[in-house]
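Biologist: Could we go through this model together, starting with a helix and then turning to the sheet and the cores?

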Amino acid sequence: MRICVYCASSEHVDRRYHEAAALLGRTLAQAGCTLVYGGGGSGLMGTLASAALDAGGEVIGVIPRFMIEVEWQHPGVANLEVVEDMRERKHRLLTGSDAVVALPGGCGTLEELFEAMTLKRLALYAKPIVLLDINGFYAPLERFLEQTIEQRFMNPQHRGLWTSVARVEEVLPTIRATPDWDASARDYAAVR
């Protein structure tokens, strides 16, 4: 499987998040999955990629040219796809992926996550989206998404856009157990 992972570039986050990123990288590598991520060398991105590489995994980094110019890339990732901008990066990360996993992150992670969820809502992306809710990080977001459903900005069926898990060990079983999003979902993409 080709797993797209979104996560933070910040080094200054709780060690629990780094531990989860490392465990996810090792878990994906040991399961024979290809990790596709943003190509960065710092923060959770660097921890994730380093752990996957150390475990013998295949890692593909997708990084905009300007990040290469300021040397933000992971030095150990041999398969680094350099793209022109952030929009192309998001497209390339999702293209051909069998699932999305979101580790904790800031506005970049959330922006990527929301684009994937939007594409899934429109039946343009059909694969599982898993929130890795380490330390309850995504609980406020899930409450907010529930509010958007309660206030009719999204339909009740849209609760199926994502799945939340609290432990890295649950990620791959959840991906395997989640069916592809049905193309008929476009019929209820708009709130009626």
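**Helices, sheet and cores**

Modeller: Helix α2 (residues 43–54) has twelve residues, so at 1.5 Å a residue it should span 16 Å, and its end C-alpha atoms are 17 Å apart, which agrees. The expected span is 1.5 Å times one less than the number of residues. Helices (H or I, at least four residues) and strands (E, at least two) are DSSP runs, numbered from the N terminus.

Biologist: What should I know about the model itself?

Modeller: It is a predicted model, in which local features need pLDDT of at least 70 and side-chain atom pairs count only at pLDDT 80 or more, while totals for chains, interfaces and linings use all residues. Residues are numbered from 1 along each chain as its sequence is written, and side-chain values use heavy atoms, with hydrogens and water left out.

Biologist: Back to α2: which of its residues are buried?

Modeller: They are Gly-43, Leu-44, Met-45, Gly-46, Leu-48, Ala-49, Ala-51 and Ala-52. Buried means under 20% relative accessible area, exposed over 50%, and partly exposed in between (1.4 Å probe, protein chains only).

Biologist: And what covers them?

Modeller: The cover includes β1 (2–6), α1 (15–30), β2 (34–37), β3 (58–64) and α4 (86–94). Just after α2, Gly-56 takes a positive phi of about 85°.

Biologist: Now the sheet. In what order do the strands run?

Modeller: Seven strands form an open sheet in the order β4-β3-β2-β1-β5-β6-β7, with parallel pairing. The edges are β4 (79–83) and β7 (163–165), each with a single partner strand, so one side of each has no neighbour in the sheet. Neighbouring strands are turned by 25° against each other on average, direction ignored. Two strands pair if DSSP finds at least two bridges between them.

Biologist: How many bridges join β5 to β6?

Modeller: Strand β5 (residues 99–102) and strand β6 (residues 129–132) pair in the parallel sense over three bridges. Val-101 stands opposite Val-130 in β6, and Ala-102 stands opposite Leu-131 in β6. The chain crosses from β5 through helix α5 (residues 107–121) to β6 in a right-handed β-α-β crossover; right-handed means that, with the strands pointing away from the viewer, the path from the first strand over the helix to the second runs clockwise.

Biologist: What about β1 and β5?

Modeller: Those two pair in the parallel sense over four bridges, and Val-5 stands opposite Val-101 in β5.

Biologist: Are the faces of β5 covered or open?

Modeller: Both are covered: Ala-99 and Val-101 on one side, and Val-100 and Ala-102 on the other, are all buried.

Biologist: Changing topic, which residues touch the most other members of the largest nonpolar core?

Modeller: Of its 31 residues, these are Val-5, Leu-24, Leu-48, Val-101, Leu-103 and Leu-132. Helix α1 gives the most to this core, with six residues. A nonpolar core is a set of buried Ala, Val, Leu, Ile, Met, Phe, Trp, Tyr and Cys residues joined through side-chain atoms within 4.5 Å.

Biologist: What is Leu-48 in contact with?

Modeller: Leaving aside neighbours within four places in sequence, Leu-48 is in contact (heavy atoms within 4.5 Å) with Val-5, Cys-7, Ala-21, Leu-24, Gly-25, Leu-35, Tyr-37 and Leu-103. A second, separate core of 26 residues includes Val-83, Val-100, Ile-149 and Trp-162.

Definitions and conventions:
Axes fitted to C-alpha atoms, helices over the stretch in contact; angles between N-to-C directions.
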